[in-house]
Amino acid sequence: MADREPVPITLTVDSNCNAGSLADSEARIFYVTPGWHDIGLADFETPGGHMVRSYDPERTVIDIVRCKAAMGPAAYAYALKRYAASKDIPAE
């Protein structure tokens, strides 16, 4: 839901995880409670053909809204507009 790749890479890990080695790689790390970490996880194929684990669009929107202060206003608006225009939004 972004118009460019995030720099630095952003990772979400369980708050019980020791992510010291990830921090050394200059990745941006977000810690979540263990019960929230697995919600919305899915496997996706990158444009380069690699399979990666990521959050589904619904979980991504929730995280965007929760962390609005950490995003620029243009990126925030773009992500929400892109989600709203998505054909994959549940009809509920």
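I began with the elements and counted four helices and four strands in the chain. The model is a predicted one, and I kept that in mind for each entry below. Read from the N terminus, the order of the elements is β-α-β-α-β-β-α-α. For the overall extent I took the C-alpha atoms along the principal axes; they fill a box of roughly 40 × 30 × 25 Å.

I looked up I9 and found its place in the segment before β1, which covers 10-14. I then asked which residues I9 is in contact with, leaving aside its neighbours within four places in sequence. I found A27 and R28. I also checked I9 against E26: the two are 17 residues apart in sequence, and their C-alpha atoms are 7.9 Å apart in space.

Next entry: helices α3 and α4. I noted that α3 spans residues 57-66 and α4 spans residues 73-85. How do their axes cross? I read a crossing angle of roughly 150°, with the axes coming within 11 Å.

From α3 I wrote down P57, E58, V61, I64 and V65. From α4 I wrote down Y76, A79, L80 and Y83. Sorting the residues of this contact by kind, I got eight nonpolar, one charged and no polar.

Last entry: rings. I searched the structure for aromatic pairs and found zero. I then looked for a charge over a ring. Which ring does the charged end of R59 sit over? I found the ring of Y55 there, with the charged end of R59 at 4.0 Å from the ring centre.

Methods. Residues are numbered from 1 along each chain as its sequence is written. This is a predicted model: local features need pLDDT of at least 70, side-chain atom pairs count only at pLDDT 80 or more; totals for chains, interfaces and linings use all residues. Side-chain values use heavy atoms; hydrogens and water are left out. Rings of Phe, Tyr and Trp (its six-membered ring) pair if their centres lie within 6.5 Å; planes under 30 degrees apart count as stacked, over 60 as edge-to-face and the rest as tilted. A charge sits over a ring if NZ of Lys or CZ of Arg is within 6 Å of the ring centre and within 35 degrees of the ring normal. Axes are lines fitted to C-alpha atoms, for helices over the stretch in contact, and angles run from 0 to 180 degrees between N-to-C directions. Helices (H or I, at least four residues) and strands (E, at least two) are DSSP runs, numbered from the N terminus. Contact means heavy atoms within 4.5 Å. Ala, Val, Leu, Ile, Met, Phe, Trp, Tyr, Cys and Pro count as nonpolar, Asp, Glu, Lys and Arg as charged, and the others, Gly among them, as polar.
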